[in-house]
Amino acid sequence: MPWLIRRLAHAALVLFGVSVLSFAFLELAPGDYLSEMRLDPRIAPETVAALRARHGLDQPLPVKYARWVASAARGDLGFSFAYNTPAAPLVWTRARNTLVLTMAATLAAWLIAIPLGLWFAARRGGWADRAGAAGLAALVSIPDLLLALLLLMFAVRTRALPAGGMFTPGEAGILDLAAHMLLPVAALVLGALPVLVRHVRAAVAETLQAPFIEAARAHGIPTVRLLWRHALPAAANPLISLFGFSVGTLLSASLLVEVVMSWPGLGPLLVEAILARDLFVVIDGVLFSAVFLIAGNLLADVLLYVADPRIRTT
Amino acid sequence: MWLIRASVRRRGLVAALALLGAVHGAVLLAGFLAPYDPAEQDRRHPYAPPGVAGCEPGPCPVRWFVRDAAGRPRLFAVDAPARIFVLGSDQYGRDQLARLLHGGRVSLAAGLLAAALSLGLGWIAGAVAGYRGGWLDAVLMRASEFFVALPWLYLLFAVRAFLPLEVPPETALLLIAAIIGLAGWARPARLVRGVVLSAKERGYVLAARGFGASHFHILRRHVLPQTVGVALTQAALLVPQYVLAEVTLSFLGLGVGEPVASWGNMLAALAQYHVLVSYWWMVLPGVAMVPVFLGYLSLAGAVIESRDSIGL
């Protein structure tokens with residue numbers, strides 16, 4: 001498994017680079033939560049200085065970074081000044097909620113995109129294909145933000161679906177969660193679908209030209225089996241790479257959708273933290289998103305490795 | 001110039017360019033097309049629905065090609081004290097049409113500036129990395145990897161986080177464009193590098209080198225022209241994405257602030273529940289992004305098609 005080890009090392013390197021970059025960037029930031037606190041006449045300057053020393057904010061950048069890495073390795077992700085609590089439990093909960101939303105959206109988007117793409121590819125040039133292409137072109141022109149706002153508008157006007165949050169207060173059932181997830185997942189899926197369907201269609205349409213498909217057809221293999229068992233696996237390689245890419249797109253879109261639909265994920269937390277200059281929470285939020293994206297890409301690589309023996313030789 | 005030649009042949013390209021011309025033209029002519037100034041308040045008519053407001057004794061005919069109180073030409077108006085709100089008014093009774101057109105200036109300018117910056121940086125970095133190779137290539141590409149390792153919006157917010165929060169609206173536009181442009185340099189750089197890498201191994205480039213052509217000459221004459229197609233496609237794809245980025249930042253209060261209008265801070269009103277329920281016209285700045293997206297995305301599609309057909 002030297003291949004997997006190499007990939008993991010590379011992922012760790014990228015993560016290291018991202019964390020150094022975000023620390024360096026935030027070092028340049030004018031002021032933090034504590035410098036705003038200093039403006040408050042009710043708080044003694046000694047108190048602020050003591051807080052600063054306690055969290056190591058008066059140290060130079062390399063020391064600060066080293067301390068942060070050391071404590072992050074123990075699961076301590078710094079301190080949220082705005083919430084006046086350790087950042088770790090806060091960020092973990094939010095990251096989990098983002099993960100739940102994005103995984104559901106990724107799953108739903110692919111489960112819809114693959115059959116749709118196969119169908120369009122099988123009916124190349126037919127009415128379904130052309131109508132689908134027009135519909136997707138229209139959908140791709142609607143930005144995520146508008147999509148989310150329109151869906152939310154629909155929800156609050158019809159009162160058919162809960163408009164925001166993750167649970168109804170006092171309830172914690174899986175059905176309640178599903179009802180709350182429906183709207184944000186729909187916004188994410190509709191936003192991601194055009195790109196996915198187009199790629200599935202293009203990849204499958206290309207394979208359908210191949211001689212082995214002709215041969216299989218000549219053997220009398222029914223169309224559905226031909227599509228799912230012969231064309232789709234042969235067309236899978238670019239689609240698996242696209243899977244990694246789609247994780248990034250969905251995470252990014254999810255930030256916005258979370259804020260619009262008040263889903264308690266990383267998105268709203270990050271926006272609040274930036275507005276409050278809550279330094280550690282910003283870094284944690286950004287790094288969590290990087291971890292998710294890198295994990296998604298890694299998963300795509302592993303899937304590719306499993307699906308295509310040719311990759312294993314390189 | 002092949003763009004013009006290609007546009008003669010392709011209806012899709014013509015339609016895209018016409019749509020984009022209309023959108024940008026309308027935004028440039030904001031002062032003429034809208035009957036009021038974007039910051040002009042009318043506290044008597046908050047959240048007035050589209051139509052004529054305050055027309056008590058009536059009738060209030062619409063007059064075309066008039067001059068307003070300050071003597072500026074306007075396409076249309078109604079006589080005071082009545083007010084015409086073609087797209088309704090906001091919470092301060094400001095004309096949504098005026099704010100939409102003036103806000104479009106801000107949002108489109110931010111998108112265009114940021115795309116120019118991203119593309120410029122990416123082009124230089126990609127060309128240098130691809131042509132020069134060696135350690136410079138390694139450093140630049142590693143750096144770009146860190147930038148693409150973050151989901152786009154998270155990256156944008158991370159870059160936004162280290163800049164001051166309260167900036168005057170005039171500098172905010174430039175600041176936002178700079179942030180978006182900086183955050184997005186990596187993708188064009190990687191694409192341009194790929195093209196340069198393959199272009200510099202072409203036979204005629206090697207021949208030119210054999211004749212003793214300088215690096216500058218080879219880049220300018222033989223290598224960079226190859227990247228024009230990729231760069232144009234990227235530009236057409238980046239502009240709508242960056243317009244949306246500005247709108248997103250301003251929507252969340254991290255971008256261009258009041259009283260200057262931008263599509264993003266206009267949409268921020270929808271964060272209030274009652275606005276979402278009762279005043280549908282407040283969502284129109286979001287709808288205004290649709291023709292922008294449609295225009296630029298079909299332009300990108302048409303450019304890719306023409307590139308294929310003339311082999312760029």
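## Where the chains meet

Two residues are in contact here if their C-beta atoms, placed from the backbone, lie within 7 Å. With that in hand, and keeping in mind that this is a predicted model, let's look at how the chains touch. On chain B, 36 residues are in contact with 37 residues of chain A.

Which elements of chain B give two or more residues to this side? They are α5 (134–148), α6 (152–161), α10, α12 (273–278), α13 (284–287) and α14 (289–310). The biggest giver is α6(B), with eight residues.

## A helix pair in chain B

Now for a pair inside chain B. Helix α8 (residues 186–199) packs against helix α10 (residues 215–251) at an angle of about 150°, and their axes are 9 Å apart. Since angles over 145 degrees count as roughly antiparallel, that makes α8(B) roughly antiparallel to α10(B). The crossing of α8(B) past α10(B) is right-handed.

Who meets whom? From α8(B) come B:Pro188, B:Leu191, B:Val192, B:Val195, B:Val196 and B:Ala199, and from α10(B) come B:Val223, B:Gln226, B:Thr227, B:Val230, B:Ala231 and B:Gln234. Sorted by type, the residues of this contact are nine nonpolar, three polar and no charged.

## A look at chain A

Over in chain A, there are 13 helices and two strands. The C-alpha trace of chain A spans about 85 × 55 × 35 Å along its principal axes.

Chain A has 314 residues, of which 35% count as buried. Among the contacts in chain A with a separation of 6 or more, 72% come from residues 24 or more positions apart.

Conventions:
Residues numbered from 1 in each chain as written. Chains lettered and ligands numbered in written order. Predicted model: local features only at pLDDT ≥ 70, side-chain atom pairs only at ≥ 80, totals over all residues. Axes fitted to C-alpha atoms, helices over the stretch in contact; angles between N-to-C directions. Helix = DSSP H or I, 4+ residues; strand = E, 2+ residues; numbered from the N terminus. Parallel < 35°, antiparallel > 145°, perpendicular 65-115°, else oblique. Left-handed = near helix turned anticlockwise from the far one by under 90°. Nonpolar A, V, L, I, M, F, W, Y, C, P; charged D, E, K, R; others polar. Buried ≥ 20, exposed ≤ 12 C-beta atoms within 10 Å, placed from the backbone.
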